[in-house]
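Please read the following account alongside the sequence and the 3D structure.

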Amino acid sequence: MARILLLFLPGLVAVHGIFMDRLASKKLCADDECVYTISLARAQEDYNAPDCRFINVKKGQQIYVYSKLVKENEAGEFWAGSVYGEGQDEMGIVGYFPSNLVKEQRVYQEAIKEVPTTDIDFFCE
């Protein structure tokens, strides 16, 4: 169930968004904060994001992978990353995508740290 968050800070503009349902309760990362890039992958096909937790991907685009959700029950396996492509404005947009959509080109660090996911992992602005 999605929850709406409104945050008002004195002197700043209001920030709003939605907490979406969690896709998994754990993720694999290269470090405890999940900020370091795990790998560079290339999309093997197009992917249209079904909601704001995900990113749109075009075949051939490179994706920097930051975490890998631990598969639970019958759920698909999703990774979190940012798209890098011809549209430079897309760099920095982080979201999930199906892991079977990509082929890892280069592994920078092994994703060996298992970290619990939090509500903020599935927050949409």
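This is a predicted model: local features need pLDDT of at least 70, side-chain atom pairs count only at pLDDT 80 or more; totals for chains, interfaces and linings use all residues.

Residues are numbered from 1 along each chain as its sequence is written, and side-chain values use heavy atoms, with hydrogens and water left out.

Strand β3 covers residues 26-29; strands are DSSP runs of E with at least two residues, numbered from the N terminus. K27 and C29 form its covered face, K26 and L28 the uncovered one. β3 runs antiparallel to β9, joined by 4 bridges, where pairing requires at least two DSSP bridges. One of the partners is P116 in β9, which bridges to K26. β3 also pairs with β5, again antiparallel, over 2 bridges, and K27 stands opposite L69 there.

The loop between β9 (113-116) and β10 (123-124) holds T117. T117 counts as buried because its relative accessibility is 4%, the limit being under 20% relative accessible area with a 1.4 Å probe and protein chains only. The T117 side chain reaches the backbone oxygen of A24 at 2.7 Å. Leaving aside residues up to four places away in sequence, T117 touches R22, A24, S25, K26, K27, L69 and F122, a contact being heavy atoms within 4.5 Å.

Strand β7 (94-98) and strands β5 (62-69) and β10 are the elements that give two or more residues to the lining of the largest pocket. β7 supplies the largest share, 3 residues.

Definitions and conventions
Buried means under 20% relative accessible area, exposed over 50%, partly exposed in between (1.4 Å probe, protein chains only). A polar contact is a pair of N or O atoms within 3.5 Å; within protein, one must be able to donate a hydrogen and the other to accept it, and residues adjacent in sequence count only if both atoms are side-chain atoms.
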